[in-house]
Amino acid sequence: MASSTGTLEKTTTICSGDGAVAADAAVETAATLKSPLLEEKKCDDGARGGVKRCCERQYELVGYDALPAFLKHNEFILDYYRSEWPIKQALLSAFAVHNETINVWTHLIGFFMFLAFTVCAATMVPMESGVSASMATSKTQANNTGSRMVVMTMGYGSNGAAVAVRALRNVSVESELIAVASLSAGSQVARWPFYAYLCGAMFCLLMSSACHLLACHSEHASYVLLRLDYAGITGLIVTSFYPLVYYTFLCDPFFRTLYLGFITLFGAAAVAVSLMPVFEAPELRWARAALFTCIGTSGLVPIVHKMLVFGARPEAGLTTGYEMAMGAFYLAGVVVYATRVPERWMPGKFDLAGHSHQLFHVLVMAGAYAHYLAGLVYLSWRDVEAC
Ligand SMILES: [Zn+2]
């Protein structure tokens, strides 16, 4: 195992029957940085002379060559692996430095971000008075100038209604009246597609973090957690369609049902395929990337449809912009994931920070956040203008 400078000493202390201690020192050329997690057990309560003897096992990071086959996913990351650690030590390693630390935290922080978004969406303080004042001011400006350009500023209601969004719009007097009446009545469009997306994102981010943290435990744990990770990715992609399709085709049940049914079936098929053991083979990295890319790009169909029907509306342009940004982030993430850049250029140099999977996580977070912003625009659009 070629790696950076220094020596890693792997020491195991064994408790013998008479309290003698044997040490096995395996010295390998390896890393300078050590992050041992210690597990201590009392194995002799000091029957003789009241001396306590303890078993002590030290968990050290190992190199790629020392890994069992089920942990060998990326030969360009040479070092700082945890191998077959107990669950407790694997959990505690969230606070230690190894080659999965940043992978765990990028998505764990993302999970808490989306949890905060969900809580905010459900509990935001009413701002109806602000809406009315803003609308009144805007209407006055419109009347004074004779223009029909209206600036709207809205806020969430206590029931999670319209969001803080500013939109510069051409609207008719009739639609303004409808909007004001709708807001006054406190009516709001269904929230479930937006919450489905937030839940899909949280599930994906949490499963990803758990997988990176605990898959080192055993082959069985790795198998189960990788399936949950793939299911999470599929869930994020599928639920990303829900706000787009539901709010765009709110008044067109046929296309709404068609697109929602199609993407849900597509996602279920992807989860079924990912349950096959062969799916996680390292050489099928491209197949995995292609499958998730296919599901994602099928979102182009409802987006193009949206622009054909609502292209003149600013909300359609704004949401499509966010969706394009999301697509670009996800696509960049898939390319980085599949090509394993930059570590393939300099194996061993990005073991702890900067390797492709960390970049992939950051790009997924950026894409998910762009789609969240699109969701807010959909809500504000359909709260003001339902069918
Ligand atoms: Zn990951």
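**Close-up views of a predicted model**

The protein has eleven helices and six strands; helices (H or I, at least four residues) and strands (E, at least two) are DSSP runs, numbered from the N terminus. This is a predicted model, in which local features need pLDDT of at least 70 and side-chain atom pairs count only at pLDDT 80 or more, while totals for chains, interfaces and linings use all residues. Residues are numbered from 1 along each chain as its sequence is written.

**View A. The protein as a whole.** Of its 387 residues, 36% count as buried. Here a residue is buried if 20 or more other C-beta atoms lie within 10 Å of its own, exposed if 12 or fewer, and partly exposed in between, with C-beta atoms placed from the backbone. Among contacts between residues at least 6 apart in sequence, 67% join residues at least 24 apart; a contact means that two C-beta atoms, placed from the backbone, lie within 7 Å.

**View B. The largest nonpolar core has 60 residues.** A nonpolar core is a set of buried Ala, Val, Leu, Ile, Met, Phe, Trp, Tyr and Cys residues joined through C-beta atoms within 7 Å. Look for Ala201, Leu214, Phe241 and Val245, which touch the most other members. Elements giving two or more residues include helix H2 (101–123), helix H5 (192–214) and helix H11 (356–384). H11 gives the most, with 14 residues. At least three residues come from each of domain 1 (7–95) and domain 2 (101–122 + 190–384), with bounds from an automatic or database domain assignment.

**View C. Val245 and its contacts.** Setting aside neighbours within four places in sequence, Val245 is in contact with Arg256, Tyr259, Leu260 and Pro302.

**View D. A second, separate core has seven residues.** Among them are Val62, Tyr64, Ile77 and Leu78.

**View E. H2 packs against H5.** Their axes are 8 Å apart and meet at an angle of about 155 degrees; axes are lines fitted to C-alpha atoms, for helices over the stretch in contact, and angles run from 0 to 180 degrees between N-to-C directions. The two helices are therefore roughly antiparallel, the word for angles over 145 degrees. Residues making the contact include His107, Phe111 and Phe114 of H2 and Leu198, Ala201 and Leu205 of H5.

**View F. Leu92 in helix H1 (residues 87–92).** Leu92 counts as partly exposed because it has 16 C-beta neighbours inside 10 Å. Its C-alpha atom is separated by 9.1 Å from that of Leu213, 121 residues apart along the chain.

Notes:
Angles under 35 degrees count as roughly parallel, over 145 as roughly antiparallel, 65 to 115 as roughly perpendicular and the rest as oblique.
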